Structures are given as structure tokens and as C-alpha cells.
Amino acid sequence: MKRRFTTIAVIALACGTAACGADTSDAGGGPSGSSTASGGSKITVYAAASLKSTFEHLGQSFEKAHDGTTVEFNFAGSSDLVSQIKGGAPADVFASADEKNMTKLTADKLHGSDPKVFATNTLEIATPPDNPAGVTSLKDLADKDITLVVCAPEVPCGAATGKVAKAAGITLSPDSEEQSVTDVLGKVKSGEADAGLVYVTDVIGAGDAVKGIEFPESTAVTNRYPIATVAVSRNAALGQQFVDLVLSDEGQKVLADAGFGRP
Amino acid sequence: MGSTVPRISRRPSHLDPPRVGVPRWIFLPALAGAAFVLLPLVGILSRVEWGNFAELITSDASRQALLLSLKTSSLSTLACIVLGVPMAVVLARTRFPGQGLLRSLVLLPLVLPPVVGGIALLYTFGRRGLLGHTLDVLGLQIAFSTAAVVMAQTFVALPFLVVSLEGALRTAGRQYEVVAASLGARPTTVFRRVTIPLVLPGLLSGAVLSFARSLGEFGATITFAGSLQGTTRTLPLEIYLQREVNADAAVALSLVLVVVAVLVIGLARQGRTSL
């Protein structure tokens, strides 16, 4: 019995205190995307989770244009990515969802090229498709009877939520403050929440699973997405070419199609 | 030994178990394993900002998170005992078709990623889940409440209690129960006066494991219960959130969680040896 106890204790603690499963959501992160080709050159792009579909698209056209080159992606929360790069992760390019996290990189002189803003994003209300609480405006969200889910003030989308509410002069009383915008979207999609505040691009990306409601106060806060090469890059020239692709007309079109605003 | 003739009272020496040592090389991987587990703890300790440690762990958010964690873990341990003891008894003491399959299914949360557990709970007890409508009619709103946290913790911790207790029940055997029954004790009396006292150490260690697992629960909680200070944001969720803005606070709180977990395991071992 003692041995059994100890074995289970180890499992319990390993699982428990390490918060297992945490990384299976959206925060985690080994590189994903294209596999490594033997031979040809390779760049690794660290990009904010909200850029997943657009950057994967651009990665494919980059590989087509540069024969024998592979682009690997690591999509996660911007602050997670910065910590990883600071910890010595082999990134060639970093695209952040806000300027604050890019500043963390430049403050430590870990950037290669100077950061350039390549896209913007604003907030939008998301509700389940049938909009059970009949939400029509930002002011409706101040109603305590509505089950509201937002991002925690500690993460970029939550900071934006706070500013928008302040600009509109309302007080939100959320039922949950989630870790990331994907978590908010998940709670709305499952119908658990009546409404959530997410980015315009998330609403477009979710398709029919949620209903988006624009509100005029959203213009008070615009998230700006900067991109730069990373100092430790072994392939800075190729990394710069990827940055150029994102800033090019082709890149801007892909981003605009996904709902991103122009810088 | 040598020339001395063994005495009659002594058992013949060939029945004595020979002393078997462990091969020396086995210490190397054993040591490596121990280092692998213990070094990360040293890693945490090396990053703690001792200067403002007290300040970091006594902030409003930290205190509320710790209290909520202790409260919900206690409640879910209680729930594990109420539900798990009967489950273990049925699994260990009865036989019915499909029992093996049922046992495997009941133990599923042990191997399931907690996030999957959270999703499963959401689609069962959530507003649009299997039982959502029924709960709604009864006026129960589980999502985003402390009750949801307790449910998530109970879901992942229950198998630990069932496994421990079922093992204890099988090891204890049925002899004492049979004797009690033959002396005229009714099943409930046998259960209360014989079975439970007999497996009390197993029950205790199972309860402690459930508590420890509940304390560390993260994935199912964040998926099913959400995260709001004082209501659903337990210590692991607070640590994960603090990582975004204040790495020092995250490290300090991690240490608190490690200390609480070590205390719980230590107390349990103490309790077991004294029982």
C-alpha cells in the first residue's frame, strides 16, 4: 500500500501542481506548422495567437516563392512568446499583438530590425448566434443579469476592454475574466456566456459559431501589431524577407480579408 | 556460523530469507531520477524574490486565491469521500457483469487531460449541456460559480480516492467481515464497525491525494468554471494569470503551492504511520 500511495502521490502532484493540460489550450507552445525539410534553409516565426490563420497562409506563399525554404510557426500569447525569446528560444521573426510586448523585446535589445506596425485590431461584442440576451450595444453589457465574459485586465485584450468601458463611461461586471481572447470566444461559442468582448478578427474567424455586434466606442482603443526580426536570428536576411512579405500589398490583403485594419 | 551447530529452537537457516542487496549501478539512475524531480524545485527557489516575498503572497488577489483553493479543495475532498467510498466498496466487494469496464471508465479522469474533463463537464452541466435545461428549470446556474470549481476538482480527484481505497479493501480481505457477519452483524453494522476502521489508513491517504489533486487543478477549472477573483480563480489560475504581468508574483505563489502540497503529503504520511 505504501508503494501504491507514493506512486499515486507523485502522479497527483505532477499533474496537480504543474497544472497539466494547461498547455493543450491556446497558451502552449512548441513550434507548429510546416515540418523541417532536410537541406534548405528554415526560419522560425513567433507570432501572436490571433495571427494563426493569416500567417499560416502567408507562410505557404513564402515557401512557394522561396524554393527549398520552410517556415515554422510558434503561435501563442504575445507575452509568452517574449518570455520564450528572452529565455533564448531560436526565433527569427517576432510578431506581437500589442506594442507593449514588442517593447519588452526592444528594451532588452533583442530585436534585429526596428519594429514596424503591420496591422490593427479593434474590439467587438460576440454573442451566441441566437443572441439569447438580446444584446445590441456596449451599454447593454453593463446589465448585471447578462452573463458576460471578458479578458482579464492583465492580458492585452483585457486592457483594451477596460479602456473601452472607461471611454464609454460604463462599469462592466463580468462573470469571468479569461486568460485569453480564445477562452472568451470558447465560452461564447458554447453558449455558456450571453456575451463576450473579443477582437473583430476573432468574430470573423469564428464564422457562424458566434454573432458579432459592432459598437462605436470600439474606436477608442486600437491594438497595433508590430513585427521585427530577432537579434539571435541565424537567418536574418530570410527573416527580413518574411517581414517584408507581411508588410507588402499581398500580406496586407490577406490580413484585411481576416478583418485586420491597416496600420 | 562456521562450526557452531544451530540450536534446535532456531529455524533451519535455509528457510531464512537471504539478504538480497540492490545492484550498485541502480543508484545512478535512481539518483538521476531524484535530481530530475528535485532540481526544478531548486529552480523555483532560485528565482524567488525574497525581498518582497511577503508582499507578493499577501496581496488581495493572492490571499483570495489561496483561501478559495483551500475552501474548494476541502469541499471536493468531502465530495470525493461521499461518492468515492461507496464506489470503492462496490468495486472491491461485489461482482457483476461489466465490472472491469466500469472500473476503467471510472478511472478515466486519471489519464484524461484536465481540459478535456472541463469540456466534458461543460457539455453536461453547462447551460446548453445535457442537463443544462433541467438545472435551469430547478433554478441552478452552475457555470462561473464556486460550485463549478468544486465539481471540476471532484471530477479529476475522485479516481485517486477510489483507487487508493479499493486497493486497501482488497488487501484487507474479507475475513473480519465474515466473522462479524457470522456473529449476527447486519451489513451496515459490518461496514461501519469493521470495514471502515480496517481501511481507515487507505481512506486517509486517498482523501489526502484527492485534496492534493484538487489543490493543483487547473485545466478543468479554467475550461468549465472560468476565472474571477474570489469566486472561481483558484491559486493555480492566479499563478497562470500573474505570469502575464508579474513573473515574481507567479514564482512566489508557485512556492506557496509547492509548500502547501508538501505539507499535505507530509501530514498524510505522518497520519499513516501513527494509525
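E217(B) is buried, at 0% relative accessibility. Buried means under 20% relative accessible area, exposed over 50%, and partly exposed in between (1.4 Å probe, protein chains only). R213(B) is buried too, with a relative accessible area of 4%.

This is a predicted model: local features need pLDDT of at least 70, side-chain atom pairs count only at pLDDT 80 or more, and totals for chains, interfaces and linings use all residues. Residues are numbered from 1 along each chain as its sequence is written, and side-chain values use heavy atoms, with hydrogens and water left out.

**Salt bridges**

A salt bridge is a side-chain nitrogen of Lys or Arg within 4 Å of a carboxyl oxygen of Asp or Glu. Over all chains, the structure holds 17.

| Pair | Closest N to O |
|---|---|
| E217(B) and R213(B) | 3.7 Å |
| R103(B) and E166(B) | 2.9 Å |

E177(B) sits in helix 9 (residues 175-182) of chain B and R93(B) in helix 3 (residues 60-93) of chain B, so their bridge ties together parts that are 84 residues apart in sequence. Helices are DSSP runs (H or I, at least four residues), numbered from the N terminus. Both E177(B) and R93(B) are buried.

R103(B) belongs to helix 4 (residues 99-106) of chain B and E166(B) to helix 8 (residues 146-172) of chain B, so this pair links parts that are 63 residues apart in sequence. R103(B) is partly exposed, at 23% relative accessibility. E166(B) is buried, with a relative accessible area of 8%.

How values were computed. Chains are lettered from A and ligands numbered from 1 in the order in which they are written. Helices (H or I, at least four residues) and strands (E, at least two) are DSSP runs, numbered from the N terminus.
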